[in-house]
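Dear colleague,

I am handing over the structure below, and after it you will find some notes on what was found. Please read them with the model open beside you.

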Amino acid sequence: MRKRNLSVEKVTGTELFSLLRDKYGEGFDLFIQEKLIPLAGDITKEDLGLEPATFDDLAKEMDVIVNVAATTNFYGRYDVSLGVNVMGVKHLWEFAKQCANLKMFMHVSTAYVSGDSTELILEKPIKPGEALREGMHLDIDDELRLVSDVKNDVATTTNAAGAGAGSDDARAAERKAMKELGLQRARHFGWSNTYVFTKAMGEMLLGQQQLRGGDGDMPVVIVRPSIITSIRADPVPGWMQGTRTIDTLIIGYAKRKISAFLADLRMVMDVVPGDMVVNAMLAAVVAHSVERRGGGAQAAMTIYHPTSSLRNPVTYAVLYRSGRRHFKEHPRVKDNGEVIPNNKMRFFTTIPRFRLYMILSYKLPLEMLHMSNLLLCGLFSQFYKDSNRKYKFVMHLVDVYGPFAFFKGCFDDTNMERLRSTMVMNTPEDDMFNFDPKTIDWDDYFYRIHIPGVLKYVLK
């Protein structure tokens with residue numbers, strides 16, 4: 001029981017549960033114990049890594065499955081991303097087939113499985129074998145075999161170099177090879193990074209499994225949110241975990257560590273508050289949780305885009321203006337009370353221009369430092385290594401995140417709008433389940449909620 005409580009507290013101990021904690025007081029722990037039963041498992045393994053008895057008991061009780069498990073690292077290990085984002089979907093679907101009372105299966109993906117499209121991106125499934133690059137066929141089994149082959153090749157090479165299996169050098173070599181392979185394969189098929197590539201394969205595999213298993217009557221819903229930002233309203237405005245793409249600008253500005261950024265302030269950034277994504281998921285669960293039809297017509301896979309670019313688009317300029325306003329009206333101060341002045345930001349509207357700026361402003365001085373270091377017998381070695389590492393890190397971020405900074409696509413949300421039309425708002429409390437982006441005042445949201453949330457929950 002103690003192990004169970006410790007597992008729950010990792011989630012319920014956050015400020016996200018503060019309203020419930022205040023409401024139930026001393027009865028909060030009992031309330032949580034009645035609602036949540038954590039199980040230690042592993043979706044990368046068959047039977048979800050559960051004991052047979054636990055697996056069977058769970059299958060008898062389950063009526064809705066919502067898969068939010070994912071590794072979201074854009075430059076993650078290919079083997080790990082395949083295991084979680086692809087094979088995890090397969091194992092959960094195999095579990096779903098064992099659930100006699102299951103009403104629906106929901107899988108959370110990302111809107112950016114569409115790639116770098118400049119057109120209206122429809123809410124439609126990914127076809128088996130479909131790649132973004134024309135004329136190419138994507139085979140998941142081939143990718144799994146490729147990972148195994150590359151791992152074997154790396155192991156052979158490191159062994160020949162004297163690095164034994166399991167050594168630090170061997171692990172580092174495998175990690176590097178897997179990260180580079182993921183990015184290489186993603187771009188080979190037309191995706192920008194390992195994360196969106198493997199999430200696309202996860203969707204593809206889910207569609208294949210649904211058709212192969214003869215479970216066409218099982219309602220399957222895929223939710224594809226865009227960039228998820230901090231909670232707008234319920235339960236804790238501003239709450240968030242982790243850093244989102246757009247928050248790099250806020251954090252760098254707050255720390256005064258960046259004077260230039262890769263962005264076109266005129267472009268639309270598709271963002272959606274986290275509570276609106278959850279509300280959309282809840283509405284979809286209710287709408288699709290019907291009794292399984294025995295032998296009836298096939299239930300189509302339904303795709304939802306909880307996004308904002310179509311209904312209520314917002315540009316990077318709004319975020320930047322909100323940030324300047326926030327830091328002007330709430331200036332940062334040093335320990336001695338001295339006000340910290342705000343940086344002036346310079347924005348680059350193309351990746352080549354940003355690269356040129358970085359070369360002239362940082363790379364050339366680094367090379368001069370390198371030459372001086374050689375002449376002075378390594379006097380500046382550590383400083384040069386640290387500076388060069390930071391430069392390479394920034395350029396790597398540009399390479400991986402650059403496509404998102406200039407994403408020109410617009411996400412259709414016809415299915416989402418149809419779902420919204422079924423919602424009946426009878427009381428003020430019903431607004432708790434709002435997921436209409438048209439109700440968002442972006443300037444107010446960024447200034448009053450999101451930027452303070454980043455400073456509080458990310459920068460602490």
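Predicted model: local features only at pLDDT ≥ 70, side-chain atom pairs only at ≥ 80, totals over all residues.

Residues are numbered from 1 along each chain as its sequence is written, and side-chain values use heavy atoms, with hydrogens and water left out.

The side chain of R224 forms a salt bridge with that of E203 (2.6 Å, N to O), a salt bridge being a side-chain nitrogen of Lys or Arg within 4 Å of a carboxyl oxygen of Asp or Glu. The two residues, 21 apart, link distant parts of the chain, with E203 in helix α8 (residues 194–212) and R224 in the loop between β4 (220–223) and β5 (227–229); helices (H or I, at least four residues) and strands (E, at least two) are DSSP runs, numbered from the N terminus. E203 is also buried, with a relative accessible area of 2%.

The structure holds 21 salt bridges, and another of them joins E367 and K363 (3.4 Å, N to O). These residues are 4 apart in helix α12 (residues 351–375), so about one helical turn separates them. E367 is partly exposed at 33% relative accessibility, and K363 is partly exposed with a relative accessible area of 23%.

With kind regards

Technical notes:
Buried < 20%, exposed > 50% of the residue type's maximum accessible area, 1.4 Å probe, protein only.
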